[in-house]
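Please keep the sequence and the model in view while reading.

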Amino acid sequence: MIVLGIETSCDETAAALVEETGDQAHPWRIVSSIVASQVDIHREWGGVVPELSARQHVRDICGVVEQALAGRQSDTRSGHFDAVAVTQGPGLIGSLLVGVSFAKSLAWARNVPIIPVHHLAGHIESLVLEGGEMPLPAVVLVVSGGHTSLYSVSAPGSYQRLGRTRDDAAGEAYDKVARLLGLGYPGGPIVDRLAQQGNDRAVPFPRTRLTHADRNAPHLPGRRDFSFSGLKTSVLRHVTLRRAALGLGDQGLLPASEVADICASFQRVVVDTLLEQLFEAARSSGARSVGIAGGVSANSRLRAEAATRGEARALPVFIPRLSLSTDNAAMIAAAGLRRYRAGVTAGWDLNADASLALA
Ligand code: KG4
Ligand code: ZN
């Protein structure tokens with residue numbers, strides 16, 4: 001079986017063909033995967049502008065799907081698909097609607113089933129797409145510009161949320177810190193690079209620990225939540241004080257060595273927070289493997305420290321290559337295949353859901 005995946009939840013228009021291999025350990029193979037990024041459009045605004053995103057998806061989707069269907073030239077079966085899997089949510093509603101409407105029309109025209117996919121299920125299955133089935137139970141951290149969530153995977157395709165961010169996503173915190181340091185967008189890769197030249201103990205930024213249900217926010221479930229807005233505010237306060245001390249204006253650039261120290265100190269807190277929660281959740285739930293997916297998994301310190309911690313605990317650590325970590329449609333097709341084999345398809349009344357829950 002071959003599935004066409006379509007992803008338009010945020011600022012990437014993506015389509016991919018993924019087929020089943022028949023091998024239980026490595027169930028899927030990517031035939032083609034095309035991603036059209038909108039980052040150059042949003043850079044000018046310092047973040048994703050929803051209306052611009054939706055309009056650009058409309059412009060790009062036909063070409064992206066056509067390219068995915070052209071597949072690899074060596075693949076004689078390219079162009080053929082047995083079902084369409086599409087991201088139903090969560091994400092930007094205008095952007096999601098482009099993908100869902102396009103996917104429904106194409107599935108109807110080709111007379112094939114349509115499979116709705118949760119965006120984060122796609123991120124979780126990207127680990128399997130790259131590394132093969134994970135030893136279960138597993139704990140997976142999905143960490144990107146829009147999400148910071150921890151899931152327990154007890155059986156293939158069965159995900160329970162253990163925690164999520166109560167405010168900013170980790171990638172969002174990277175982007176905001178980069179902006180307030182005047183470093184450009186998206187900030188994650190820039191802060192990561194500068195941090196490598198800095199002293200990670202130079203500034204004692206505080207860590208927010210949320211290990212119990214917050215009495216002030218009883219509607220937010222989970223015992224392993226994250227919070228990054230306090231850290232971001234601490235960086236802002238530090239930068240403001242340093243600018244004043246050096247007689248710089250509101251937007252003045254701090255000396256490069258100070259910027260590197262701030263980046264390194266910020267990054268140490270983010271990575272420690274993420275990995276401590278991940279490995280503590282793995283320990284307490286008796287997990288046999290852990291995974292990290294989403295754009296922030298590109299982070300050099302996160303990757304290196306996850307590997308070290310995994311080795312120390314004899315826990316396999318799954319982190320996909322970058323092209324599968326950031327938003328793509330191969331992961332949506334893979335998650336769609338998983339759901340289809342579990343008997344899930346949608347009717348023609350399928351609609352996008354900006355705040356879709358994963359359960
Ligand atoms: O998954 P993704 O491509 O898009 C979504 O947000 O869904 O993730 C993008 C996020 C951005 O916030 C970006 O700054 C962050 O991932 N990022 C990084 C790195 N590369 C990308 N954050 C930290 N270190 C990196 N090397
Ligand atoms: Zn994503």
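Helix H4 covers residues 119-131, and its 13 residues, at 1.5 Å a residue, should span 18 Å; the end C-alpha atoms are 19 Å apart, which agrees. Here the expected span is 1.5 Å times one less than the number of residues in the helix. Helices (H or I, at least four residues) and strands (E, at least two) are DSSP runs, numbered from the N terminus. The model is a predicted one, in which local features need pLDDT of at least 70 and side-chain atom pairs count only at pLDDT 80 or more, while totals for chains, interfaces and linings use all residues. Residues are numbered from 1 along each chain as its sequence is written, chains are lettered from A and ligands numbered from 1 in the order in which they are written, and side-chain values use heavy atoms, with hydrogens and water left out.

At Glu-125, H4 bends by about 25°, the bend being the angle between axes fitted to the seven residues ending at a residue and the seven starting there. The helix is mostly covered, with 11 of its 13 residues buried; buried means under 20% relative accessible area, exposed over 50%, and partly exposed in between (1.4 Å probe, protein chains only). Glu-125, the site of the bend, is one of the buried residues, which also include His-119, His-123 and Leu-129.

The chain just after H4 brings Gly-132, with a positive phi of about 85°. Further on, in the loop between H4 and strand S6 (138-143), lies Pro-137; a cis peptide bond with omega of about 0° joins this proline to Leu-136.

Most residues other than glycine have a negative phi, and most peptide bonds are trans. A cis bond is also found between Tyr-185 and Pro-186, where omega is about -10°. Pro-186 belongs to the loop between helix H5 (170-180) and helix H6 (187-195).

Asn-111 has a phi of about 60° and sits in the loop between helix H3 (93-110) and strand S5 (114-118). With a relative accessible area of 69%, Asn-111 is exposed. Its C-alpha atom is separated by 24 Å from that of Thr-21, 90 residues apart along the chain. Ala-314 has a positive phi of about 55°, in the loop between helix H9 (300-312) and strand S10 (317-318). Ala-314 counts as exposed at 66% relative accessibility.
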